[in-house]
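Trainee: I have a model open and would like to learn how to read it. Could we go through it feature by feature?

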Amino acid sequence: MCTKSAKATKNYLAKAFAFVVKTVILFVIGTLLSTLIYFLICERHKHAYSKELANKLSEEQWMVPLVGALSSILGPLIILTDKALQGFSKPPQNVDIIAILKNLGLYFALCHCTNVVTYSRACSLPNMLMLISFTGWIISDRTLSSFVLGLFGAGITTIASYTFILAGWTVYPIADFSLIRAWLPNVAFTGTVTMSNIARILNRLERDFTSSFEQKLHLD
């Protein structure tokens, strides 16, 4: 028989273990997705300004760790956002893998529009990417909390990019949206919505694990 304090300690350790595992999984998935985007979008154009990038940070050197770090905090962040905005938008009860696959499909649509399609005006590419990102949110999510977090992720990555540019740490000689690439905030928005749904699934698995562990402790 376990004492009350021993049960409380085991329960705390189980919750901490589940939280750490969830955070690591989110970090790994975010890192992999950002690496995929880098090779699909950035690597193709990197040779065009390889001289300008000498002694400067390229996209993978700052984008991949930043996206991984942002993804790792989405677990608790999506819970807080869902609770804060539940009066305006009801959070989804059960997020399935179909919604995530729809978002992943948007990555390839964004890559196609960025790399393949030719636009006659400079504003056409940002407008098209924003339309695709917003349409993807409507198709796969439609929750206010994911939309807010998507804007948060797009804002953080855009601010980080501008900071690195103004500090002279990186450069976009072929920038098509102010000083940065137009795909950056749009991919960040879509990626944050995707990672929010993944975080919802992991949060549900975390709750199931901790509740089953608590029931097992009560039976001991």
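Trainee: In which helix does Leu-32 lie?

Mentor: This is a predicted model, so keep that in mind throughout. Leu-32 belongs to helix α1, which covers residues 4-46.

Trainee: Is Leu-32 buried or exposed?

Mentor: The cut-off for exposed is over 50% relative accessible area. Leu-32 has 55%, so Leu-32 counts as exposed.

Trainee: How do I read the faces of a helix?

Mentor: An α-helix has 3.6 residues a turn, so residues three or four places apart point the same way. Now take helix α3, residues 74-84, where Leu-74, Gly-75, Ile-78, Thr-81 and Asp-82 are buried. Looking down the axis of α3, you find these buried residues within an arc of 135°, so they line one face of the helix. Leu-80, Lys-83 and Ala-84 are exposed on the other side of α3.

Trainee: What span should helix α6 have, and how far apart are its end C-alpha atoms?

Mentor: Helix α6 has 23 residues, 144-166, and at 1.5 Å a residue should span 33 Å. Its end C-alpha atoms are 33 Å apart, which agrees. Among the buried residues of α6 are Leu-149, Gly-153, Thr-157 and Phe-164. Leu-144, also in α6, is partly exposed at 30% relative accessible area. After α6 comes Gly-168, with a positive phi near 80°.

Trainee: How far is Leu-144 from Gln-86, in sequence and in space?

Mentor: They are 58 residues apart in sequence, but their C-alpha atoms are 8.7 Å apart in space.

Trainee: How many aromatic pairs does the whole structure hold?

Mentor: A pair of aromatic rings is described by the distance of the centres and the angle of the planes. A search of the whole structure finds five such pairs. One of them joins Phe-17 and Phe-209, a tilted pair with 6.5 Å between centres and 55° between planes. Phe-17 is in helix α1 and Phe-209 in helix α7, residues 183-219, so the pair ties together parts that are 192 residues apart in sequence. Phe-17 counts as exposed at 53% relative accessibility, while Phe-209 is partly exposed at 35%.

Trainee: Where do Phe-134 and Trp-137 lie?

Mentor: Both are in helix α5, residues 124-140, three residues apart, which is about one turn of the helix. Phe-134 is partly exposed, with a relative accessible area of 38%, whereas Trp-137 is buried, at 14%.

Notes. Residues numbered from 1 in each chain as written. Predicted model: local features only at pLDDT ≥ 70, side-chain atom pairs only at ≥ 80, totals over all residues. Heavy atoms only, no water. Helix = DSSP H or I, 4+ residues; strand = E, 2+ residues; numbered from the N terminus. Expected span 1.5 Å × (residues − 1). Buried < 20%, exposed > 50% of the residue type's maximum accessible area, 1.4 Å probe, protein only. Arc of directions from axis to C-beta. Phe/Tyr/Trp six-rings, centres within 6.5 Å; stacked < 30°, edge-to-face > 60°.
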